[in-house]
Each structure stands twice: as C-alpha cells, then as structure tokens.
Amino acid sequence: MSDRQRVLSASRPGRVALAAILLVAVVGVLFVRIPMAIAERSSLYAWTEPVIDILVTIDNRFYRDPDLESLQEGAIRGMLEELDDRYTEYIPPADLADFDKAVRGEFVGIGAQVRGEDGWLLIVSPLEDSPAFKAGIEADDLVVAVDGTSVWQWEVDEIINNLTGKPGSTVRVTIERQGDADDLPPMALPASVPGMVGEAPGPEMGTVRFDLEIVRQRILTQTIKGIHREGEDWTYMIDPDRKIGYVRVTQFTASTVPVLRESLEALLRDDMRGFILDLRFNGGGALSAAVQMADMFLEEGVIVSTSGRTVEEDRFVARERGTLPDFPMIVMVNGQSASASEIVAGAIADNDRGKVVGERSFGKGSVQTIIPLPSGSGQLKITEANYYLPSGRLIQRTDESTRWGVDPSPGFYVPMTNEQYIEMLRIRRDEEVIRPEGESLEGDWVNPEWILGYLKDKQLSASVRALRTKVETGEWEAVGGDVPEGTLELAALEVEERRYDLLLRELARSEERISALSSIAAEDTDESDELIPDDVELEGGTLTLRDENGRIVRELRITDDRINIWFSGAPLEVINEDVINP
C-alpha cells in the first residue's frame, strides 16, 4: 500500500466518525426545535380559539346573516391596528392591482394624467411615449365616452377602470376638443357619442368630437423630470452658462436609476460642472433603487443599514465600479421627502459627497416586506426593521423623537411657507404638460436668471447660488442658516394642535346636530335656550369678554358666521335675552 493510499485509508474512519457526530448533532437540534415549533404553533392555535368561538357564535346566533368576508377583513385590520404601525397593512385580493400599481409605478392602460372636469374626464397631459400620446390625445382634451358609452357624471375612478385593462386590448375613446374637423388627428374616427345622450350635453360651441382606438399597454410611470419640457423631452441644464444640471426624482421604481444615469451622462457630455438632485415631495419607493442611486455618486462607504427584532443587521456599501465623476452636488429635501429619498440624501451627506438644502425630511425609516398570504387571500405589508443612516442616526420618526430623518447641511437650511410651495407646485405642474406639437410655454429658457425668477422656487435658487460659488471658487457658500433649536418640534406641535382643533370643531358640529335633532324630537322645546339665534349674522362683528367684575378682558373680531358651532356645548348660558333684537 502506498503512502498516499495509507493517508486516504486512515482518513476515512475520521470522516465517517465526523459525519456521525454531525448527524447526531443535527438530530439533537431537530429533537429540540421540532417540539418547540409544535409548542409555538399550538400556542398560536390556542390564541385563535376565542376568535373562532366568537365567529361561530355570530354565524349561529346573530339576528341577521353576517357578511363573513367583511368580518374576516375587519378582524385582520383590527389586529393590525393594535400594532400601532401605520405602515403595516393588509391588502385584500380586490386591492392588489391598485397596490402593485402604486408600488411598482406601472399599470396597464392608455397612459395619461387625468382629473374630473365639469362632469367629464379632462386629459391633463398624455404621458411620454404612451399609447394615448401616439394615438393623438392632447392636453385639455375631454373624454366624453368609452367604448360608445357616455361617461357623463361618472366617478373619475370608474372612468379610469374602463380605460385600463389587459395589455394588447383595444379601447375606443370619444374625445371632445377645442377646434373643428380640420384639427383632428390622423387616426380619428367618427364619434360614437356625437351629441346629447339623456342628461349628458352635446359638444360645446367651438368644439369637435371624434373617436380614437387606443391599444392598452403596460405603462411605466416616468419618475425623472427636468426644468422645462420641449415636446416629450425634458431639459436638464438649469444654468447653461455655468453648466449646472438639475434632475427631479418623483418616485423610486425599477426604471428610476437607469433613466437618471442616462440623464446624467447626457449632462456630462454637455460638460456639466455641478448637479442638483431634487427629492422634495418624493415619498420614496424601492430600497434597491435608493441604494443603486446613492451608489452612483459614492465610490465607497456605507449607504444605509437595517436592523430589526427578527432580522439581522444588514449594511449596504457603495462600490467603486460605475461611480460617476466627483462633481459638486446638492440634494434638495423637505418635509415630504421620505423613505428612499432620505436614504439617498443621508448617504450623500454622511459620506461628505455633497450638501443637503431645504428642510428636515419626513422621517419614514421603516422597512416593509410584502408577503403573499399562504391562503391566497391577499398580501401583508409588514414592517420588519428600521433604516439607519451611515452616521447611525435612525431615520424613523416616532412620537418621542427629537431627531429624525435628514437635516439640511449647516448653513443650508432654507425653509419655505405653504404659500410659496403652492405657487412653486403650480408652475411645476404647468411645465409637466406635454403640449401639442408647435405649442410651448413661452420663456427665455437659456437665461438662468429668467428661469429662476419664473420658477419661484426659493430653495432651488439658493441651491443654484451655492453651486455657482462652488464651481467658480472651489468653496461652498452658506445660502441659508442652521436649523434653529426647537423649530421643528414647534412645527410638529402646531400640526398636532391644528389636528386637535379640527377634531374639536367636528365634535362641536356633532353636538350641534344632536342638539338640533333633540329639539325636533322634543315637543316642548324652548327656543329661548339658543345661545345665538340662527337668523343673526355675526361675521365681521366683535366679541367682548369681561371678567366677573365687568372689566373687558379681550375684544375679538368674528371672522366666520359659523361661530354658533364653536359655542355649541360651551359652558355658557343666556342671562339677558332682550339684548338681541330680532
């Protein structure tokens, strides 16, 4: 026997013994774990026994036939409410399509932004490269019929349900448009509903109706926006002179990062020297998209980590491959930037890759997993962990939080009022519309000063100013302030106080209604009990408060004639009815 054979021969018994030991260990673990699993499952089954008992009792004894499906859904929702986690939710089978559309940013339909308008459905804008756009749908078209049926006074969701369907299927849409027969698109057909149908009106003066047959397709929501539309395309250079680029991301979906990379590569080919990534009003989306986006800008370092009760800590780290050049950049956030937006902004800030401009982000830092229920009766979106920034800061905001989300960089806190945001969003909405060929919003779109003035966006103007200084001098210019101590907590307090105020108002209205119903029910109601008669107009008048000695404490101007609602149920009584002259 050779030495090699001896070695192999000698090793076999050891390996057999080791395998036997491992087998015994595995069997031992199974003997421990199987009873534990059985005991745990038995405990869960025992937990459900009262629920089943109640269900059986209801089914056997309730005075009318119960809706078992509603009871099931109510039981599930009640259980989830006790978790006190707004992001854990049950999605029943009937809602799966809408849920998937919202999460994945895709749906099957004609591809258009719509809203209700005067009893019809108004096309706000066709989507880029959509079936609606290719068929000839334009902004401001009215949808008046679908497949030959008038949609007059239909709910918007009902019309949308009829426009969506299976990929490859055809829907015939009746359009009413300003113009005449010479303005029809090439594929126009005679209108299925050319005039009045019952109470539905016919075409208005100066409009024309026609049909378009549109093949439904899978629509991928476009999540990358720029400064200004030119036809279907966006322009992304906000300061052509200093080569400062701008991209706004509205959601994190599977297509977001590839399209963003294409936009950035086009800007780099145009010699971009600074870049603004606008994540304001972005509620988040897929974690994978957030990690990929941050990885585009970072050569190394932690992007985000997750940790939870039943899941091990997981760290996502940037890789050098595919990293874009190290140009100066700013990430813009506000109180509506959440989840994936906060991951990207936090990674950029904590790795010192760029500055964060705006206001503290929303604070949605919990990880949800979508789990199809084994029974096939829907899905459960359940919170499993929390997100942590590279610095270790917890993103998630709780009732006890004093710090959450992502803060602007020191010197870059630039708050905006609600009125300023509303004006900014109105202009932004106008720019998102895809207009008919040859039509465009007039403006000096190569003049950065005109652009910034037109957009009326205080935070964007500050970001451009900071990048200009960085590009020209190599140093960052502080364009705002530091987050004042207590400001954010005070803002949160004000929100809660407004909410409490609204609740009080609703309670007051309910009390007034109860009082009114009680007065109707009681035959001997004394109308003199009213604090303020209904036929007295008080708006614009004054309310004088005096103390017990008759001294004036405060005079208040009445700004709403519904003041009676607020006095309803108040600890007051009428002491002199003759003061009021009917």
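1. A polar contact is a pair of N or O atoms within 3.5 Å, of which, within protein, one must be able to donate a hydrogen and the other to accept it. In this predicted model, the side chains of R353 and D326 form such a polar contact, at 3.3 Å.

2. R353 lies in the loop that runs between α8 and β19 (355–358). The residue counts as buried, because its relative accessibility is 10% and the cut-off for burial is under 20%. Leaving aside residues up to four places away in sequence, R353 touches F297, L298, P325, D326, F327, M329 and I348.

3. Two of the residues touched by R353, F297 and I348, also belong to the packing of α7 against α8. On the α7 side, L287, A290, M293, A294 and F297 take part; they meet A340, I343, V344, A347 and I348 of α8. By class, this contact has ten nonpolar residues, with no polar and no charged ones.

4. The geometry of this helix pair may be stated as follows. Helix α7 spans residues 287–297 and helix α8 residues 340–350; their axes are 9 Å apart and meet at an angle of about 25 degrees. The two helices are therefore roughly parallel, since angles under 35 degrees are classed in that way. The crossing of α7 past α8 is right-handed.

5. Of its 582 residues, 35% count as buried. Among contacts between residues at least 6 apart in sequence, 67% join residues at least 24 apart.

How values were computed: Residues are numbered from 1 along each chain as its sequence is written. This is a predicted model: local features need pLDDT of at least 70, side-chain atom pairs count only at pLDDT 80 or more; totals for chains, interfaces and linings use all residues. Side-chain values use heavy atoms; hydrogens and water are left out. Axes are lines fitted to C-alpha atoms, for helices over the stretch in contact, and angles run from 0 to 180 degrees between N-to-C directions. Helices (H or I, at least four residues) and strands (E, at least two) are DSSP runs, numbered from the N terminus. Angles under 35 degrees count as roughly parallel, over 145 as roughly antiparallel, 65 to 115 as roughly perpendicular and the rest as oblique. A crossing is left-handed if the near helix is turned anticlockwise from the far one by less than a right angle, and right-handed if clockwise. Contact means heavy atoms within 4.5 Å. Ala, Val, Leu, Ile, Met, Phe, Trp, Tyr, Cys and Pro count as nonpolar, Asp, Glu, Lys and Arg as charged, and the others, Gly among them, as polar. Buried means under 20% relative accessible area, exposed over 50%, partly exposed in between (1.4 Å probe, protein chains only).
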